[in-house]
Amino acid sequence: SFAAATIGTETAGSIVGPSSVNGVVGMKPTIALVSRRGIVPISLNQDSSGPMTRSVRDAAMILDAIAGTDPEEPWASDADEYVADYVAALDPDALRGTRVGVLRTTGPGADEVDPLFDAALDVLSAEGAELVELPTDALVDPRPEMRIILLHDFKVDLNAYLAATPSTVPVRTLADLIEFSRTDPRESLHTMDYWEDAQATENGRSDPTYQAALENGRRLTGDDGIDRLLEEYDVDVLVSPTGSPASAIEPDGTPRAGPIPEGPRGTRPPGLTVVAAVAGYPLISVPMGLVDGLPVGITFASTAWTEAQLLGLAYDYEQASQARVPPERALASR
C-alpha cells in the first residue's frame, strides 16, 4: 500500500513470487507482449515485465498502457496483434461456466497453504466454475532444460546489453562483472556460481546442447505441458497456489541451492510458475489470504496471449473473495 502501481520483471517467478508474499496482484504476460528494452537481461527467452498492483483492475490498467509493439525490441515487433482491452475484460461473472484445472502443490510449505487454497477453490465453485482435479504429477520439471537455457542466454544477452551502455560504464562484459564483484566488498558477499557457470558456456545460442534444451524445454512446458493439460482435461484455465509464505531472510553469503540447481529431473517438484516461465506463457497471482499473518497468492495460468481471459477470471475471484489484507500500517493511516 505504499505505491499506486509498480512494474516488475520476471524470468522465473520474480513478479508473481514477490506479489504473493507481499499480498498484491502480479501479472507476468506472454513473452514480448510487453517490450523488454532497457531491462537488464537474464534471458530473452524468459524475461518479461508486468504490473504489480493492489488490485486486478489496476493491473489491467497498467497492462493496457504498457502492452504492444516496440519497433526497437525485435521480439515485440508483432505484439500489437495480440493486444486486447484488458480493463474491458474485467467481468465479475467470468468464472461462471468456466472449467478450472486444479493443480495442488506437493513441495515445502504445501500443508500450511492447502487450507487457504481449498477456501479459494470454494470461492471459484460458488462463482459458477467447475473444478477439475488434475494429477499431482501432471507437470514435468523443466529445470534441467531451463538451467542450460538461462546460462547460455545470460552470457549472450548480458554481453549485448553491456556493450550497448554508454562508454562511461566500465563493466562491458559478464567477465568484467564477475571480476568487479570479486573485488567489491559488498558484491563479494554474494555467491557467483551462476555467473561463473554462464561465463563458462561457449558458442551462445548456436550451441547444439542449448538448442536441444530450448526445443525440449518448450515442448515439455508448452505442447506437452500447459497446452496438453488444457486440451486433455478440457479446462479453460489452470490454478495453483503461487507459493509458500515469505521465509526468513538469510544473511548475505549464506549458501543456497538457487532456482535452477544442478541435478536430475525432479530435484524439485515442478510448479506452475516455472513451467509457464519456460513456455513463455502468462500467469497472474492474486491474494488469497494469510498464513500466520503472512500473505500468499493463487495463480491463474493458461496458454499464450490469454491475458484478457486471465484478468477476467482473476477479477471475478478477487471481487468474490475479498481476500487481500492490507498492511496494518496502511489501515492505521486511513
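Q: Is Arg-186 buried or exposed?
A: Exposed, at 61% relative accessibility. Exposed means over 50% relative accessible area, buried under 20%, and partly exposed in between (1.4 Å probe, protein chains only). This is a predicted model, where local features need pLDDT of at least 70, side-chain atom pairs count only at pLDDT 80 or more, and totals for chains, interfaces and linings use all residues. Residues are numbered from 1 along each chain as its sequence is written, and side-chain values use heavy atoms, with hydrogens and water left out.

Q: What does Arg-186 form a salt bridge with?
A: Asp-184, with the closest N and O atoms 3.8 Å apart. A salt bridge here is a side-chain nitrogen of Lys or Arg within 4 Å of a carboxyl oxygen of Asp or Glu. Asp-184 is buried, at 11% relative accessible area.

Q: How many salt bridges turn up in the whole structure?
A: The search finds 18. One of them joins the side chains of Arg-37 and Asp-70, at 2.8 Å from N to O.

Q: Where do Arg-37 and Asp-70 lie?
A: Arg-37 is in the loop between E2 and strand E3 (48-53), and Asp-70 is in the loop between H2 and E4, so the pair ties together parts 33 residues apart in sequence. Helices (H or I, at least four residues) and strands (E, at least two) are DSSP runs, numbered from the N terminus. Asp-70 is buried at 8%, while Arg-37 is partly exposed at 48%.

Q: Which residues are linked with Arg-37 in a network?
A: Asp-70 and Glu-72, through salt bridges.

Q: Switching topic: how many residues does the largest nonpolar core have?
A: It has 39, and Phe-300, Leu-311 and Tyr-317 have the most contacts inside it. A nonpolar core is a set of buried Ala, Val, Leu, Ile, Met, Phe, Trp, Tyr and Cys residues joined through side-chain atoms within 4.5 Å.

Q: Which element gives that core its largest share?
A: H3, with 7 residues.

Q: And what does Phe-300 touch?
A: Leaving out residues up to four places away in sequence, its contacts (heavy atoms within 4.5 Å) include Leu-124, Val-239, Ile-284 and Tyr-317.
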